[in-house]
Amino acid sequence: MPRTSRSLCDRDAIFSEVRAVYQELEQRPVERDCLRRTECCQFKLTGKTPYLTAGEALYAADALRAQGKTRLEEKADGSCPLLDARTGRCQIYESRPFSCRTHFCAAAGGPYSRKEVIDLIRRLEDVDHAMGGPGAQTLPVAIKEALAGSAVSGRPGVLSKPMPRDRGRR
Ligand code: SF4
């Protein structure tokens with residue numbers, strides 16, 4: 001996303017940048033292979049919950065809405081609310097958040113070290129900042145707010161501030 005002011009509804013710019021970050025991660029020369037075992041989706045069992053920035057949450061919520069879903073499932077077993085109880089699969093796998101692509105799954109090759117992806121994390125934080133987001137929140141909270149339309153100053157898809165500092169990436 002160009003580091004220029006985008007003052008009005010710019011959902012496309014938000015999604016474009018989030019998508020670009022995910023695509024760049026895929027191209028990193030770090031061997032990782034998600035086998036879709038969904039072990040890392042069992043938050044209660046692992047004791048770990050992914051954190052999402054506002055742009056990621058909006059992107060994930062949009063993928064859910066595209067399936068006609070506007071609410072998160074309550075999960076008594078403490079698993080991710082986006083894990084389909086019927087199929088055992090992630091409901092938004094292609095749009096899954098950054099943490100789901102990088103965190104602690106040993107079967108996928110273990111977590112990325114922070115230095116391997118810090119530039120991408122900062123880009124997601126930049127989007128969050130430009131949206132007036134609250135910073136990274138746990139997945140259930142972030143997506144619930146995005147679905148409710150409260151993730152970005154009550155106006156999903158709005159950049160409430162100019163895009164922040166140029167980090168010299170382009
Ligand atoms: S969003 Fe998908 S991949 Fe991430 S924890 Fe939830 S079910 Fe698993």
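**Entry 1: helix axes.** Before the first pair, a reminder to myself: an axis here is a line fitted to C-alpha atoms, for helices over the stretch in contact, and the angle between N-to-C directions runs from 0 to 180 degrees. Also, this is a predicted model.

I took H1, residues 11-27, against H5. Their axes are 10 Å apart and the packing angle is about 170 degrees. Angles over 145 count as roughly antiparallel, so that is what I wrote down for H1 and H5. From H1, the contact uses Ile14, Glu17, Val18, Val21, Glu24 and Leu25. From H5, I listed Val117, Leu120, Arg123, Leu124, Val127 and Met131. By class I get nine nonpolar residues, three charged and no polar.

I also checked Ala20, which lies in H1. Ala20 has 13 other C-beta atoms within 10 Å, so I noted it as partly exposed.

**Entry 2: H1 against H3.** How do H1 and H3 cross? The angle is roughly 100 degrees, and the axes come within 9 Å. That makes H1 roughly perpendicular to H3. On the H1 side I found Ile14, Phe15, Glu17 and Val18, and on the H3 side Gly55, Glu56, Leu58 and Tyr59. This contact of H1 with H3 has five nonpolar residues, two charged and one polar.

**Entry 3: Gly55.** I wanted a closer look at this glycine, which has its place in H3. Is Gly55 buried or exposed? Gly55 counts as buried because it has 35 C-beta neighbours inside 10 Å. Leaving out residues up to four places away in sequence, Gly55 touches Ile14, Glu17 and Val18, as well as Leu124, Val127, Asp128 and Met131. Ile14, Glu17 and Val18 are on the H1 side of the contact with H5, while Leu124, Val127 and Met131 are on the H5 side. I also noted Pro97, 42 residues from Gly55 in sequence and 9.7 Å away in space, C-alpha to C-alpha.

**Entry 4: around the ligand.** Pro97 turned up again here, as one of the residues around the ligand. The shell divides into eight nonpolar residues, one polar and one charged.

**Entry 5: Ala136.** I found Ala136 in the loop between H5 (114-131) and strand E2 (137-138). Ala136 is buried, because 21 other C-beta atoms lie within 10 Å; the cut-off is 20 or more. Which residues does Ala136 contact, beyond its neighbours within four places in sequence? They are Tyr51, Leu52 and Thr53. Ala136 and Thr53 are 83 residues apart in sequence, yet their C-alpha atoms are 4.3 Å apart.

**Entry 6: H6 and what follows.** In H6 (residues 139-148) I marked Leu139, Ala142, Ile143, Glu145, Ala146 and Leu147 as buried. What covers them includes strand E1 (51-52), helix H3 (54-65) and E2. Just after H6, Gly149 takes a positive phi of about 85 degrees. Gly149 is partly exposed, since it has 14 other C-beta atoms within 10 Å. From Gly149 to Leu58 I read 8.8 Å, C-alpha to C-alpha, across 91 residues of sequence.

**Entry 7: the whole chain.** Stepping back, I count six helices and two strands. From the N terminus they run α-α-β-α-α-α-β-α. Buried residues make up 34% of the 170 in the chain. Of the contacts between residues at least 6 apart in sequence, 82% join residues at least 24 apart.

Entry 8: The mean pLDDT of the chain is 82, and 78% of its residues reach 70 or more. Over residues 1-8 pLDDT stays under 50, and the model has 13 contacts for them beyond four places in sequence. Residues 164-170 also stay under 50, with six such contacts. Where pLDDT is low, the predicted coordinates should not be read in detail.

Notes:
Residues numbered from 1 in each chain as written. Predicted model: local features only at pLDDT ≥ 70, side-chain atom pairs only at ≥ 80, totals over all residues. Near = placed C-beta within 6 Å. Nonpolar A, V, L, I, M, F, W, Y, C, P; charged D, E, K, R; others polar. Helix = DSSP H or I, 4+ residues; strand = E, 2+ residues; numbered from the N terminus. Buried ≥ 20, exposed ≤ 12 C-beta atoms within 10 Å, placed from the backbone. Contact = placed C-beta atoms within 7 Å. Parallel < 35°, antiparallel > 145°, perpendicular 65-115°, else oblique. pLDDT = per-residue confidence, 0-100.
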